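Trainee: Could you take me through this model, one item at a time?
Mentor: Gladly; have the viewer open.

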Amino acid sequence: MAEKQVSSLPAKLINGGVAGLVGVTCVFPIDLAKTRLQNQQGVQVYEGMLDCLSKTVRSEGYFGCYRGAAVNLTLVTPEKAIKLAANDVFRQKLSRDGHLPLWGEVLAGCGAGTCQVVVTTPMEMLKIQLQDAGRLAAQRPVPTPAQAAAPGPAPTLVAPPPPRPSPPPRASAMGITAELLKTKGLAGLYRGAGATLMRDVPFSMIYFPLFANLNALGREKLGDVQARAPFWQSFMAGCGAGSVAAVAVTPLDVIKTRLQTLQKGAGEDTYKGIVDCTQRIMMREGPSAFLKGATCRALVIAPLFGIAQGVYFLGVGETLLDLLG
């Protein structure tokens with residue numbers, strides 16, 4: 001059966017929001033591992049994704065893998081809704097007689113990636129601080145049981161050394177937001193906006209045209225009416241296009257993560273901007289550093305966008321609006 005895929009804007013927003021919530025819940029621990037691996041410079045706390053997740057569970061508990069998830073779950077609804085809805089709107093506007101050329105698909109993806117940065121930048125900014133806190137804590141020296149049980153020093157007239165500073169209190173999204181707004185203003189939440197734009201626009205330019213073509217394989221089209229893709233095809237097309245686009249822009253994601261990380265570990269570089277960050281990573285860590293977290297990123301993005309497109313094409317938003325109407 002053929003049907004024309006035209007949805008209302010509210011339905012598109014609902015679909016994008018539901019898809020984002022489901023997807024993030026499923027893959028957030030892998031995203032946390034990606035952030036921690038990308039931020040490693042000198043001290044190698046983690047040897048890989050599985051090592052990072054196992055150490056996180058041992059030191060922070062199972063829910064430690066979801067540090068920063070509340071920020072994502074709160075803001076992923078508008079972020080994914082804007083991204084998917086904007087792409088759909090741009091595709092409809094750029095279509096001529098039901099046909100969208102490749103340049104139109106790329107331009108629509110570019111527009112979608114640009115629109116989402118308004119929400120993505122502060123979301124990523126807060127999420128990264130919370131995700132990376134466990135890695136920074138793991139770098140701090142921990143006294144051995146023998147040191148902890150050792151008796152205090154003998155009485156002496158010499159003044160005792162100053163006590164070691166206690167570890168900083170556990171950060172929260174609200175605390176970070178308040179501090180950034182107080183010290184940097186609104187611009188503090190949009191630190192790394194240029195790097196985010198540099199990552200998300202190429203991602204969308206690759207993802208959306210590739211997804212549209214994979215999703216259209218084997219589907220009959222009469223005029224501007226095309227058969228709706230089955231769930232499995234939308235899901236697999238989203239996974240395939242997402243993984244390709246994710247790996248392709250991983251170097252840009254590494255730069256963005258490094259720029260947005262406020263707290264650095266001992267001996268780790270701070271950066272003045274995109275060019276400075278790129279040069280320092282290349283000189284001190286080599287070209288392979290630009291692919292840190294590439295496997296994690298593919299494992300995050302593939303199911304995230306597979307679920308998103310599956311929900312989108314299943315028409316969850318349309319069904320919900322029909323029930324409410």
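Trainee: What is the model, and how many helices does the chain hold?
Mentor: This is a predicted model, where local features need pLDDT of at least 70, side-chain atom pairs count only at pLDDT 80 or more, and totals for chains, interfaces and linings use all residues. Residues are numbered from 1 along each chain as its sequence is written, and side-chain values use heavy atoms, without hydrogens and water. Helices (H or I, at least four residues) and strands (E, at least two) are DSSP runs, numbered from the N terminus. The chain has 2 strands, and its helices number 13.

Trainee: What percentage of the residues in the chain is buried?
Mentor: Buried means under 20% relative accessible area, exposed over 50%, and partly exposed in between (1.4 Å probe, protein chains only). The chain has 325 residues, and the buried share is 46%.

Trainee: What is the volume of the largest cavity?
Mentor: A cavity is a set of points on a 1 Å grid, over the protein atoms alone, where a 1.4 Å probe fits but cannot get out. Grid points are joined across faces, edges and corners, and the volume is the space filled by probe spheres set on the points. The structure holds 1 cavity of 30 Å³ or more. The largest has a volume of about 300 Å³.

Trainee: Which residues lie closest to the centre of the largest cavity?
Mentor: Lining residues have an atom within 4 Å of a point. By class, the lining has 10 nonpolar (Ala, Val, Leu, Ile, Met, Phe, Trp, Tyr, Cys, Pro), 11 charged (Asp, Glu, Lys, Arg) and 3 polar residues (the others, Gly among them). Of the 24 lining residues, the closest to the centre are Glu-79, Lys-80, Glu-124, Ile-301 and Leu-304.

Trainee: Why is helix H10 largely enclosed by the rest of the structure?
Mentor: Its cover includes H1, H4, H8, H9, H11 and H12. H10 spans residues 250-260, and it is largely enclosed because the buried residues number 9 of the 11.

Trainee: Which aromatic residues do ring pairs link into a cluster?
Mentor: Rings of Phe, Tyr and Trp (its six-membered ring) pair if their centres lie within 6.5 Å; planes under 30 degrees apart count as stacked, over 60 as edge-to-face and the rest as tilted. The count comes to 8 aromatic pairs. Tyr-62 and Phe-63 form an edge-to-face one, at 5.3 Å centre to centre and 75° between the planes. The cluster links Phe-203, Tyr-207, Phe-208, Phe-211 and Phe-305.

Trainee: Is Ser-234 buried or exposed?
Mentor: Ser-234 lies in helix H9. Contact means heavy atoms within 4.5 Å; beyond its neighbours within four places in sequence, Ser-234 is in contact with residues including Phe-211, Gly-306 and Gly-310. Gly-310 is 76 residues away in sequence but 5.1 Å away in space, C-alpha to C-alpha. Because its relative accessibility is 0%, Ser-234 counts as buried.

Notes:
1 Å grid on protein atoms, 1.4 Å probe; cavity = no way out; pocket = protein on both sides within 12 Å on 5 of 7 lines; lining within 4 Å.
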